[in-house]
Amino acid sequence: MRALRVIAPFTIEIAELADLIPGADQLLVSVERAGICGTDVELYSGDMAYYESGRTTYPVQIGHEWTGIVSGVGTGVSRSWLGKRVTGDTMLGCGLCTRCASGRTHICDQRIEIGITDGWGGGLAEQILIPERYAFVIPESISIAAAAMIEPAGNSLRTVEATGLVDHQKLLILGLGTIGLLAAQFARAKNIEVHVAGERESSLNFARELGIMHTHTIADIQESTGSGFDAVIDASSSDFMPNLALQRVLPGGKVVLIGLSGTPSLIDTRVQVLKDVTVVGILSASPGLRGAINYFASGAVNPEPLISEVIGLRDVANRLAGNRGIEAGPGPKIHVDPRIL
Ligand SMILES: [Zn+2]
Ligand SMILES: [Zn+2]
C-alpha cells in the first residue's frame, strides 16, 4: 500500500509498504479521505513536542482525521463490519489503567495516538488499522467529506459543551481555524449567541458566509469595554489569547482552552480568582466523537463548507509547508484522498 511519511524535518516520502494485516480485534480500513491539521504541520516541521520527549520518532505516517471502508477484520471481529464506512478515535488507551477503566482512554499515560505517536500509521495512506472498540460506523446521511471532519468536530463539540452555555447566552470564540469555526457551528446549533474573533479580514468574511453574524477583530476585543461574555473559547495558537479570554469573560463564567501556542501562555490568576472563573482544558475529540456524528447525521451542523480542497498525496508536502492550492476555496481545512497520487 502507498503511504505518506515524514522521515525528517520538512522531508516527506511517499512509500510503497506491505499491505496491512488486521490483528486480533482490529479492523483493516481502506482510506477514502483524510484531513491535515496543525498537529500534522508540527509533525512535518519537527516542532511537535513529542519528538523531544521521544514519544514520536521518524518516520511518522501522519493522518488522524480519516474515514474509509472496512476491507478486512482480524480474529475476534464480526465479518458484519466488512463494507461498513467508519472513522476511528485517535487516542488508544492501554485498557488496563484506572483512567482507561473509567472510560477516559484519551488521557491514559500509555496511550497511542494514531498518526502521531508510537509508530501506529495514520490515514494519509491507502490502508489503516483501527481496534474494533475505537471504530465508529458512519451513518448513510453523512458524506465522505463530513466523515473526515468528525475528529476535529469532536474536539470542537467538547469545547462548546465545556462552556455549559444554553439558549441565547453569549459565547466568544477566539481563533477562526477549523476548530474555532466548527465550535461556532455547534454553538449556533445550540442557540447560543456566537461571537467570533480573528486576525484576518478574510477569515471574518468567511465566518459571516457561514452565517456567524457577530464577528470581531482581535484588536476590537482587546480594546472593548463592553460587558463581556458568559464564556470564551480559545481556539487560536497565540500565547496571549488565554489571557485575553480571561479578561473578556464575565464573572462566574468559563474559559475553555483548546489552542496550543509555540510558547507558554501566561495568565493572571488573580483575575481568575477575583472573577470566580472556571478554566477548562480540552485534549482530543474522544468523548465528543459520538456527539459530532449525531450532529452531522441530523444535518444540524454541516462541516463541508470548511473544506477548501481535496488533494492527492503528492501535494501534501506543499500544503504542510503553508501554501494554498490555486483553486482552493476559502475554508481552512485541506482534505487528502490517499487513493490519488
Ligand atoms: Zn487534527
Ligand atoms: Zn490506560
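Visitor: Which residues of helix H5 meet which residues of H6?

Guide: Two residues are in contact if their C-beta atoms, placed from the backbone, lie within 7 Å, and helices (H or I, at least four residues) and strands (E, at least two) are DSSP runs, numbered from the N terminus. Here Pro152, Ala153, Asn155, Ser156, Leu157, Thr159 and Val160 in H5 meet Thr178, Ile179, Leu182, Ala183, Phe186 and Ala187 in H6. This is a predicted model, in which local features need pLDDT of at least 70 and side-chain atom pairs count only at pLDDT 80 or more, while totals for chains, interfaces and linings use all residues. Residues are numbered from 1 along each chain as its sequence is written, with chains lettered from A and ligands numbered from 1 in the order in which they are written.

Visitor: What does Ala183 touch?

Guide: Leaving aside residues up to four places away in sequence, Ala183 touches Ser156, Thr159, Val160, Ile173, Ile233 and Ala235.

Visitor: Where does helix H9 lie, and is H9 mostly covered or uncovered?

Guide: A residue is buried if 20 or more other C-beta atoms lie within 10 Å of its own, exposed if 12 or fewer, and partly exposed in between. Helix H9 spans residues 241-248 and is mostly covered, with 6 of its 8 residues buried, namely Met241, Pro242, Leu244, Ala245, Leu246 and Arg248. These buried residues pack against strand S10 (170-174), helix H8 (218-223), strand S13 (229-234), strand S14 (249-257) and helix H10 (269-275).
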